[in-house]
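Let's take a walk through a protein model together. Have the sequence and the 3D view open, and follow along from one piece to the next.

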Amino acid sequence: MLRLSQRAAEAPDESALTPLIDMVFILLIFFVLAAAFTVRGLEVELPAARSSQPLSGRVVELRLLEDGGITCEGVALPRDMVRDKLRDLVTGFREKPGRLVLIAAPKAPVEALIFLVDEVRMQGGEKMLIATSSPADAVRP
């Protein structure tokens with residue numbers, strides 16, 4: 001006959017902290033390594049374009065300012081109004097052809113540039129020219 005004896009129940013005040021401490025160290029190592037591999041921005045100074053030419057005909061200027069603000073034909077344009085304005089412009093280009101030209105400040109945030117290009121595409125704009133300076137303009141102080 002087998003005798004089975006009851007084990008002594010563990011005391012409730014004894015908790016196993018070793019697995020918890022192991023997990024904390026694993027998470028710490030993960031976050032330290034993840035922080036080491038974060039993507040950092042790279043400053044790029046774009047050269048002047050050699051093929052820049054003056055435009056003729058109907059030209060609508062979109063300006064991207066250093067603070068991320070947008071102006072259209074000299075009038076400040078809040079971000080929530082960009083979509084409606086671009087829709088009107090693209091519709092107007094179907095009736096009377098023209099060119100949409102983006103003039104971005106050298107230190108304008110890339111996020112604002114991507115936002116603007118994306119909005120033009122979403123409204124059906126097929127082409128948006130980016131204004132450049134000629135090499136002669138680039139060397140002037």
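**From the sheet to the helix**

Let's begin with a pair: L62 has L102, in β4, as its bridge partner. Before going on, keep in mind that this is a predicted model, where local features need pLDDT of at least 70 and side-chain atom pairs count only at pLDDT 80 or more, while totals for chains, interfaces and linings use all residues. Residues are numbered from 1 along each chain as its sequence is written, and side-chain values use heavy atoms, with hydrogens and water left out.

The names of helices (H or I, at least four residues) and strands (E, at least two) stand for DSSP runs, numbered from the N terminus. Strand β1 covers residues 59–64 and strand β4 residues 99–104, and they pair in the parallel sense over 6 bridges. Two strands count as paired if DSSP finds at least two bridges between them. In general, strands of a sheet pair through backbone hydrogen bonds, either parallel or antiparallel.

Now zoom out: the open sheet has 5 strands in the order β3-β2-β1-β4-β5, with mixed pairing. At its edges sit β3 (75–77) and β5 (129–130), each pairing on one side only.

Back in β1, find V60. Is V60 buried or exposed? V60 is buried, with a relative accessible area of 0%; buried means under 20%, exposed over 50% and partly exposed in between, using a 1.4 Å probe and protein chains only. The C-alpha atoms of V60 and V101 are 6.1 Å apart, although 41 residues separate the two along the chain. Setting aside neighbours within four places in sequence, V60 is in contact (heavy atoms within 4.5 Å) with residues including C72, L89, F93 and V101.

Of its 18 residues, L62, I70, V82, L86 and L100 touch the most other members. At least two residues of this core come from each of β1, β2 (70–72), α2 (79–95), β4 and α3 (110–122).

Finally, look at α3, where A112, F115, L116, E119 and V120 are buried. Seen down the axis of α3, its buried residues fall within an arc of 130° (taken from the directions from the helix axis to the C-beta atoms), so they line one face of the helix. What covers these buried residues includes β1, β2, α2 and β4. On the other side of α3, V110, I114 and R121 are exposed.

Definitions and conventions
A nonpolar core is a set of buried Ala, Val, Leu, Ile, Met, Phe, Trp, Tyr and Cys residues joined through side-chain atoms within 4.5 Å.
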